[in-house]
Amino acid sequence: MADGYIELHACSAFSFLRGASQPKDLATAAADKGLVAMAVCDRGGVYGAPRFFKEARRQGVRPIVGCELPMEDGSALPVLVKSRQGYQNLCKLLTSIHLRSMKGAGRVKWKEMEPFAAGLFALTGDGEGPLRRAWEKGGSSGIKRSLRQLRRIFSNDDIGIEIQRLLIRGEDRWIGVLAELSRTSGLPLVATNGVRYAEPGDRMVQDVFTCLREKKRLDTAGELLSRNAQCFVKPAKEMAYLFRDHPDAVVNTLRIAERCEFSLENLGYEFPRFPVPKGESMDSFLEKIVWFGAEQRYRSLSPAVRQQLRRELNVIMKLGFSGYFLIVWDLVNYCREHGIMAQGRGSAANSAVCYSLGITPVDPVGGRLLFERFLNEERKSWPDIDIDLPSGDRREQVIQEVYRRYGRRGAAMTANVITYRGRSAIREIGKVLGFPDEVLGRFSSLYGSHNYSHDIPMKEQLEKSGIDANHPRMASLARLFPRIIGMPRHLGQHSGGMVICEGGLDSITPLEPASMPGRTIVQWDKEDCEDMGMVKVDLLGLGMMAVMQDAFEGIRAKGVDIDLASIPKDDPATYAMMQKADTIGVFQIESRAQMATLPRMKPKEFYDVVIEVGIIRPGPIQGDMVHPYLERRAGRQKIEYIDDRLKPMLERTLGVPLFQEQILKVAMVMADFSGAQAEDLRRAVSFYRTDDRIEQVTRSLVEAMRERKVPEEKIEQVVKSVSSFAHYGFPESHAISFGLLAYASTYLKANYAAEFYVALLNNQPMGFYSPATLIQDAKRHGIRVLPVGVMHSDWCCVVESENSIRLGLIMVNGVSRAHTEAMLKGRERCSFLDLGDFRRRTYFDRDELRTLASIGALNCFERSRRHALWSVETVYDPGDLFADAVAEDESGLSPLEIMTDVERLQADYQGIGVTVGAHPMAAIRSRLSQFWTAHDLEHTRHGNRVRVAGQVICRQRPGTAKGFLFISLEDETGISNIV
């Protein structure tokens, strides 16, 4: 024990630009250096605590929770958590300072610390600590004042005077001052290494982060940078040697660590209880409403349905999840009562209980879906139910209802850790190293926003961006780039995950304001929350749900009763539209890759749509599954199975595993995996996969198959399937939910085109295609598109008759909604007589009037757009008795010529982004006699060499690794896809 040491003051990269190593790397370094415990103290929160906890436990290191509190005087006070009470106090204190401040600006006031001090141990900090700051400002008297302040808050047993020896000139004098203070005050000396990174080689990352934090270039950062690379994890022997003059400072780390008994295992999180009727338990009430719902949804309860429901209810009750299902059911009911479309998506679609409760429209019994993908008896984590809602105000209404029910400190959104990716990493490192912006911009253009290409060496990519191979900092840029990729950059909010809690969520994890007003977030992302046993309900916004809800409401206004459940699944016009790949604007199957596959797939029934949604994904494509499936479907390839036992689960996909559930079932059959092992496999190949985790699970899979004497060639096939799903394999339950929306949106386009296009235009931006392309597509489907006019248009686009739609002022650039709504109220009271009357009774400013005139929206008052433009330029003073006469006199004098067709086209695109007139290509078609139109391409022989021309509406960025670029061109007859 004499040479034992525990690091009590480390910061991870989750201190955001203050630490330079991931929490897991700190845990690994601690284990490698023989430390039995370590404390991670991230600045302003416990952001990295779950990840450090998880990895430290795996490495055999005891994780201690801590935090560097940002104080009002600019100092940072490190505190360590001793007990659960201390952890709850820390979370509540951090919540208070963050919620009252702008994002990232929360500071602790010294006078508010005392109520939250119980259960915490305070260190006096490093160079940013309160004692050092006090010494720099007021010498020894400043130190004494600062120490008195600490002792008013913490007892003598809960303060440690922190000393660090980082081999910096002059530090011995400061250590001597602190040692003397320890002797006179009776407070223990505590040695730490002020760890900022795991290994000395990470110091360069720390310097880059320091420059970014302080907004400096490396050349001008000077003394802001660390003096050396000593802030890494050191073994006990090295720390004992460094503090040989103060051996008690090292021994005290062990004593303090012993007192820090709290572990994140003991968070105390509880999911809210659901209020059930008198005489009912949550289990009995759930059972009652499930059987009632099942009788409504299934025409007759077959033995298979009854058996599945009993099995699921047993698992749910055994795991204590009844309250969770009741709360989700209640939220879905709230949506229905308030006319908000809602459908459960994701693995919930694998559950007959969810189907019976009306949470999901997918019948898992009829669909033969795998319940273990959703829930199994060995699964310790909570189930995950995603609820798709219309994006926009309706979804926000549901989110705010959750806040209303559980309180501002009882519910919060999960965080989303924004990490450095290709573009952000190269720009920020390059900025620090002094590279020109145009060079960094070229790298971004060449290699895209999501990540750099793994197929081309980093130096080669940089050279292609225009950086000289002999540039003195080229090597540093190439070395830093892969180290910073994946590091946390800042905290955002998850797209819809909400955590709710019995009692105060702010005693489980600190809460912060989200960038969006009226929302708060927890400091952990959804994976961290799941690892900590916290329950998340996903309230996800889908633009297509908003489109469909608006379209349904428009159709119902005509007296037709329609909703998602009542749409027939056997509509010939819908399948005909899909088979022709006439899917611009519909959900999921509108991409160029989907359009290329649809004529080969030729969907004839609903499950074909499910496969179409699931097959054009990176997993099946990279696993070389798309071509075999389509060949087998066309009868050109024999249907074969990896093993005959897999026929029941692979039969519908012709022996080709296309979905995650199928891969899990393959593992359960071929390797005898349990439900829990299958869940581990699912998480390993999910979006949050890591290569080492995939390797670990694949190794277990191979070992299990070899134990069962599975032939090597079959093992290879199984491993290949699993590996391909490590590249974003898609769950069948998602594909069915998405397939339903893809089918329904195509049904609307085929049968209620006017309502469908209006809803699409009112919910922009969404999907692949711009409003201009949607309008051209509408015209090709016989829809007459009428222009914006102030005497006829509303704010939104509307259906005027069976086959005509009127564009709304929502589409006009720079026109205020408030001014438009005021105009509409005035128009409703009395029609406008002329332009003067219009200007007198509306609030549009000069720029808005110019735009309205240029797009022809004022042509109802004037002979042409140019006449209207001339008229709105006259100075109009409503207080002038003769204003109307002057305006009328001046408007008649317009010397401007009437716009040509091309000028009108330009004005339309500038003012509204679309034209209801002829397509721009029609204006120059006479000069393109040698070029084929998109429509003509359908009638040319395969292998013919042709020339095409059109407006570029979609360009794949970046191109493929092999140098291919995909472009979509639109002309007056349709769209052609070019390679």
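## Helix α18 and what comes after

Helix α18 spans residues 474–484, and its buried residues are Met-474, Leu-477, Ala-478, Leu-480, Phe-481 and Ile-484. Buried here means under 20% relative accessible area, with exposed over 50% and partly exposed in between (1.4 Å probe, protein chains only). Helices (H or I, at least four residues) and strands (E, at least two) are DSSP runs, numbered from the N terminus. After α18 comes Gly-486, with a positive phi near 85°.

A quick word on the ground rules: this is a predicted model, so local features need pLDDT of at least 70 and side-chain atom pairs count only at pLDDT 80 or more, while totals for chains, interfaces and linings use all residues. Residues are numbered from 1 along each chain as its sequence is written, and side-chain values use heavy atoms, with hydrogens and water left out.

## Salt bridges

The structure holds 58 salt bridges, each being a side-chain nitrogen of Lys or Arg within 4 Å of a carboxyl oxygen of Asp or Glu. One of them joins the side chains of Arg-196 and Glu-68 at 3.2 Å, N to O. Arg-196 sits in the loop between β7 (189–191) and α6 (203–214) and Glu-68 in strand β3 (residues 62–70), so this pair ties together parts that are 128 residues apart in sequence. Both Arg-196 and Glu-68 are buried. They also belong to a salt-bridge network that links them with Arg-18, Arg-43, Asp-126 and Glu-128.

Then there's Asp-172, whose salt bridge with Arg-165 has its closest N and O atoms 2.7 Å apart. Asp-172 is partly exposed at 49% relative accessible area, whereas Arg-165 counts as buried at 11%.

## Along helix α4

In helix α4, Arg-132 and Glu-136 are four residues apart, which means about one helical turn separates them. Their side chains meet in a salt bridge at 3.3 Å, N to O. Arg-132 counts as partly exposed, with 25% relative accessibility.

## Thr-820 in helix α34

Thr-820 lies in helix α34, residues 817–829. Thr-820 is buried, at 0% relative accessible area, and its side chain reaches the backbone oxygen of Ser-816 at 2.8 Å.

How values were computed: A polar contact is a pair of N or O atoms within 3.5 Å; within protein, one must be able to donate a hydrogen and the other to accept it, and residues adjacent in sequence count only if both atoms are side-chain atoms.
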